[in-house]
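Welcome, and thank you for taking a look at this structure.

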Amino acid sequence: MKIRLKILSGFLLLVGMLIIAGVLGIVEYNKLSKSVESLLSDNYRSIEASMAMLEALEREDSGILLFLMGHKSEGSEIIKSGDSLMKVSFDVARNNLTEQNENIYIDSIEKSYDEFKNLWSKLLVSQEMNDQMNWYFDQSHSKFLETKRQVRNLLVLNQAVMYDESFHLSENARRAVMPGVVAIVAALVFALLFNFFINYYFVSPINRIIKRIQNFTSAESNFDAQIETKDELRKLEDAIRNLIYKLKRH
Amino acid sequence: MRIPIVIRQIGLVLVINALFLFISFLISWINNESSTVALLYATFITLLFGLFPLVFVPGSSYLSTLEGISIVVFGWIATCLTGTLPYVIWGGEFTFVNAWFESVSGFTTTGSSILADVEYLTSGLLFWRSSTHWIGGVGVIVFALLILPPSATSHLVLLNAEISGLAKQNFRSRSKQIVRILALVYIGLTLSETLLLWIFGMSFFDAINHAFATIATGGFSTKNLSIAAYQSVAIEVIIMLFMLFSGIHFGLIYATFTGSKDNIFRSPIVKYYLLVMVAGIFLVTLKLYYSDFGSLAHSLRYAAFQVISVGTTTGFATIDTAMWPFFTILVLIYFTIQCACVGSTSGGLKFDRVFIFFRSIGRQIKLIQHPRGVFQTRVGKKIVTEEIENQTHMFILLYLFIVFIVTLALTAYNIDLLTSFSASVTTIGNVGPGFGGVSSLGNFGQLPDGAKLILSVNMLLGRLEIMSILSLFFIKSWR
């Protein structure tokens, strides 16, 4: 193989290694950014919605208590604002089904909330209610707690998945970085190897040729640079040997 | 020494590694696994370092002994380094030290692992892990010779550097034929075992991985519970049979199948090797039975598997031996030190040396009784030369000295004595599992990084039979 090709192949391999490391790094970073995106859109949105649903339920429970204590208009207003917040948050959660069995959790929340809503709707319609506190503790508050538990289940599901995903994210981040790290170390070793070969197969033979020519011109010793490769340097050695031979003949 | 020639030969070995990395990449890619990129990049880097010297350095038909030994020692180091690449890039439990330990353990066919959860690995990485066993089983350089055709003289020098003199004695052939015999027996055994395991209920993927690990006497499994995961007597029997085969000189196996005279049935070494193995199984079975371990059949089943597994340096497990009586542990430690026959894929001290050692004790006793008598140490009808006898004694002494030094070094890390000693013995013998904290179903992950590095050097020393590595450090005597 010619010297030019050998040197070119060395550089091409070095460049190839860096390009592939770069491409793989980009691919892994892309995966990483997609994972972050999906983490935010899939799980974080459902977690936010669950938190809002919990807030809405708390509001409705407070509104019921106010209503029962006689602050009917204030109570009614708080219950309705809680209900609208619940509606919006529930829709967000229902339209963001990303995990396995998440629809079962959503259905349970819907069913439980409907029952809860049914209870306080009757309260708002009936102006007077006998044994109000017993009704609150026996029916309304227990249903409120039940709905809250269902919402919390949805929250825990998404938090658990988010935790798992964050673990995978750190793994992905490592995988995005490692080709670069390996490429740096490999390029360093490769550069040393390349330098060694250049020195061994090109620089040293040239130095040997120069030394032998100097020896020949000063002491007329035999010319033999002991070139091992079959490239241009061997041709140069042969050409010089021929030249010396012809010079000797004349 | 011509350093470029050494680098060129190491390059050839790396090309073989790249081939197996590529197959692992394909498995990972087909299954759409997280290790695809890691395996692809590792393939590329390994191929690059393998091919580049082939472009630059012209081939040479002649190799000096120093060049041969350098190729073997640095070839193993380079192979183990490239073996760490997919692990390090992929991550999981693999830090650099963990990846290096797993890679060295794989190539030296030790089978000790740092992994707490093997089943978390992707199938691509599991295949690569088993491939390291298969490449290292006959020796990474000999494996390269199986595939690549260097000249006859380089064959001889490389074989001499990687295979012990004792092992070459039973090969009644020239170096090129030795390589051919090794290839035939190695591939033949692997294919047969894969087929049998597949027929008896393993998935094809598990069958090929376990066949790689058995024939190379490695011990890496694709399951956390090793062979215990299958709970199948048939699978256990098949693996026991192939472990036994893999612990016998490959030249004798070849001779048996080709109908030659010097076969397994006529070899005194194989006869005594099997006798000692049977005695070990008998002792362990009885002790287990009388320790209320279970029925006699139950005790025999587990005793036979563990004794053969340890005695052939494979290291598979069907039970956690850490819970066994101390007597049985000591019997297993004896087998961890003794190991299997020379010329097989097993590592460690080797049964042949132990046999010669006991025979020369007999000769010494006769010399004391009859000071003017002339006695010779014999293995069957063959006379063991004084040179081989001395080499054997020196090797055993050196081996035990290294076991002591490594145990000492491990106890410096405050590791308990049983764990330190068994880890030292099991890694230099390339067995795999030890006792105490590193028992059959345990792992080496909890050891400090320094201890893992010491043990990985121990594995390489055991695999290369100590002398070739040591000889490189005596640079002056090469001049």
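## Chain A from end to end

Read along its sequence, chain A runs α-α-α-α-α, with five helices and zero strands in total. Here helices (H or I, at least four residues) and strands (E, at least two) are DSSP runs, numbered from the N terminus. Before going further, please note that this is a predicted model, in which local features need pLDDT of at least 70, side-chain atom pairs count only at pLDDT 80 or more, and totals for chains, interfaces and linings use all residues. Residues are numbered from 1 along each chain as its sequence is written, chains are lettered from A and ligands numbered from 1 in the order in which they are written, and side-chain values use heavy atoms, with hydrogens and water left out.

The C-alpha atoms of chain A fill a box of roughly 135 × 25 × 25 Å along the principal axes. The radius of gyration of chain A is 40 Å, whereas a compact globule of 250 residues would have one near 18 Å. That radius is taken over C-alpha atoms, and the globule rule is 2.2 Å times the number of residues to the power 0.38.

Of the 250 residues in chain A, 36% are buried; buried means under 20% relative accessible area, exposed over 50%, and partly exposed in between (1.4 Å probe, protein chains only). Among the contacts in chain A with a separation of 6 or more, 75% join residues 24 or more positions apart. A contact means heavy atoms within 4.5 Å.

## Where the two chains meet

Y41(B), F52(B) and F56(B) supply 28% of what chain B buries against chain A, more than any other three residues.

The interface has zero salt bridges, a salt bridge being a side-chain nitrogen of Lys or Arg within 4 Å of a carboxyl oxygen of Asp or Glu. There are four residue pairs in polar contact between chain B and chain A (both at pLDDT 80 or more). A polar contact is a pair of N or O atoms within 3.5 Å; within protein, one must be able to donate a hydrogen and the other to accept it, and residues adjacent in sequence count only if both atoms are side-chain atoms.

## Loop residues in chain B

L115(B) sits in the loop between α4 (96-107) and α5 (123-137) of chain B. L115(B) counts as buried because its relative accessibility is 6%. Leaving aside residues up to four places away in sequence, L115(B) touches E93(B), F94(B), E102(B), L121(B), R129(B) and N443(B).

C339(B) belongs to the loop between α15 (326-338) and α16 (351-369) of chain B. Its phi is near 60°, a positive value in a residue other than glycine, and C339(B) is buried, with a relative accessible area of 0%. N430(B), which is not a glycine, has a positive phi of about 55°. N430(B) lies in the loop between α18 (417-428) and α19 (449-463) of chain B, and counts as buried at 0% relative accessibility.

Methods. Buried area is the accessible area (1.4 Å probe) that two parts lose on being put together, summed over both.
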